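Here is a short report for a reader meeting this structure for the first time. Please keep the sequence and the 3D view at hand.

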Amino acid sequence: MPWKRIPGALARISAGSVTNVWGVDSASNIFRYTGDDTNPWVPIPGSLTDVSAASDGTVWGVNTSGEILRFTWDSRYWIKISGNLQQISVGSSKSVWGVDAAGKIWRYTGDDNKPWVQIPGTLTQVGAGADGTVWGVNSGGNIYYYAEDRVDPDHWVQVPGCLAAISVGTKTSVWAVNKAGNVYTITADEGKCRSQDVDIPPLACGLVDISAAADGTVWGVNSVGNIYRWIRD
């Protein structure tokens, strides 16, 4: 079976790599994957509504008040970063993007004293990859990728389709789900981007959140909190 159910219940999930998988449940409790499917989750102190893990071990999150936090592995403590976000995505320590409650888009500057620069556009969800690739969806389900070298100051290029959630591992590993819970991959061929159904049997209960890592790892959760991992050949 392409999707393997993993014990536990989560509302949001993020996979930076096969060894760096984090999630939050409906009560905002935080969990990290142990690497053992028989005893998969260890609780992490704190409370978050969204968490994002990168391939280099970087982990950021936001809480119910929109406060932004970054995990420090040395102290196992969350450091508060100024700003206010509703959703966050981390491709690496240098590629951190988020959207606030108004749909405004923000990118991390690398300077905790002045951490955010606003990016033109409006999104409800953004996905940042390890290689700097960025995709997003807006409130109408419209799909965009970010082209920083584009002459147009807006930089966002729309792709046909309608999605509810999107995640970026790299340029060649972009996964998403629509409102019906169907799973999609998004591919780019010579600058022409298109979305296509994953050629696999669908889950009986579709996904509401999905996360793709740079190493090809893919996890997802459905509307009742069941957790799944994509099993590659």
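Leaving out neighbours within four places in sequence, alanine 15 is in contact with Asn20, Val21, Ala53, Ser211, Ala212, Ala213, Thr217 and Trp219. Contact means heavy atoms within 4.5 Å. This is a predicted model: local features need pLDDT of at least 70, side-chain atom pairs count only at pLDDT 80 or more, and totals for chains, interfaces and linings use all residues. Residues are numbered from 1 along each chain as its sequence is written, and side-chain values use heavy atoms, with hydrogens and water left out.

**The core around Ala15**

Ala15 belongs to the largest nonpolar core, which has 12 residues. The members are Ile6, Leu10, Ile13, Ala15, Val21, Phe31, Tyr33, Trp41, Ala213, Trp219, Val221 and Ile227. A nonpolar core is a set of buried Ala, Val, Leu, Ile, Met, Phe, Trp, Tyr and Cys residues joined through side-chain atoms within 4.5 Å. Buried means under 20% relative accessible area, exposed over 50%, and partly exposed in between (1.4 Å probe, protein chains only). E2, E4 and strand E23 (218–222) each supply at least two residues of this core. In soluble globular proteins, nonpolar side chains tend to be buried together.

**The chain as a whole**

The protein chain has zero helices and 24 strands. Both are DSSP runs numbered from the N terminus: helices are H or I with at least four residues, strands are E with at least two. Of the chain's 233 residues, 53% count as buried. Among contacts between residues at least 6 apart in sequence, 44% join residues at least 24 apart.

Angles run from 0 to 180 degrees between N-to-C directions, and axes are lines fitted to C-alpha atoms, for helices over the stretch in contact.

Another open sheet of four strands runs in the order E14-E15-E16-E17, again with antiparallel pairing. Here E14 and strand E17 (156–159) are at the edges, each with a single partner strand, so one side of each lacks a neighbour in the sheet. Its neighbouring strands are turned by 25° against each other on average, direction ignored.

Two strands pair if DSSP finds at least two bridges between them.

| Pair | Bridges | Residues facing each other |
|---|---|---|
| E4 (residues 30–33) and E5 | four bridges | arginine 32 and valine 42 |
| E14 and E15 (residues 134–137) | four bridges | valine 126 and glycine 136 |
| E22 and E23 | five bridges | leucine 207 and asparagine 222 |

E22 is mostly covered, with five of its six residues buried. In the hairpin of E22 and E23, five residues lie between the strands. Glycine 216 takes a positive phi near 95° there.

**The cavity**

How many cavities of 30 Å³ or more does a search of the whole structure find? It finds one. A cavity is a set of points, on a 1 Å grid over the protein atoms alone, where a 1.4 Å probe fits but cannot get out; lining residues have an atom within 4 Å of a point. The largest cavity has a volume of about 230 Å³. Volume is the space filled by probe spheres set on the points, and grid points are joined across faces, edges and corners.

The lining of the largest cavity has 32 residues. Ser14, Ser52, Ser89, Ser167 and Ser211 lie nearest its centre. The elements giving two or more residues to this lining are E2, strand E6 (50–53), strand E10 (87–92), strand E14 (125–128), strand E18 (165–170) and strand E22 (207–212).

**Two single residues**

Serine 28 lies in the loop between strand E3 (20–24) and E4. Is serine 28 buried or exposed? Serine 28 counts as buried, at 14% relative accessibility. Not counting residues up to four places away in sequence, serine 28 touches Gly46, Ser47, Leu48 and Thr49. Serine 28 has a positive phi of about 75°, although it is not a glycine.

Isoleucine 186 is found in strand E20 (residues 183–189). Isoleucine 186 is buried, with a relative accessible area of 2%. Serine 173 is 13 residues from isoleucine 186 in sequence and 7.6 Å away in space, C-alpha to C-alpha.

Terms used:
1 Å grid on protein atoms, 1.4 Å probe; cavity = no way out; pocket = protein on both sides within 12 Å on 5 of 7 lines; lining within 4 Å.
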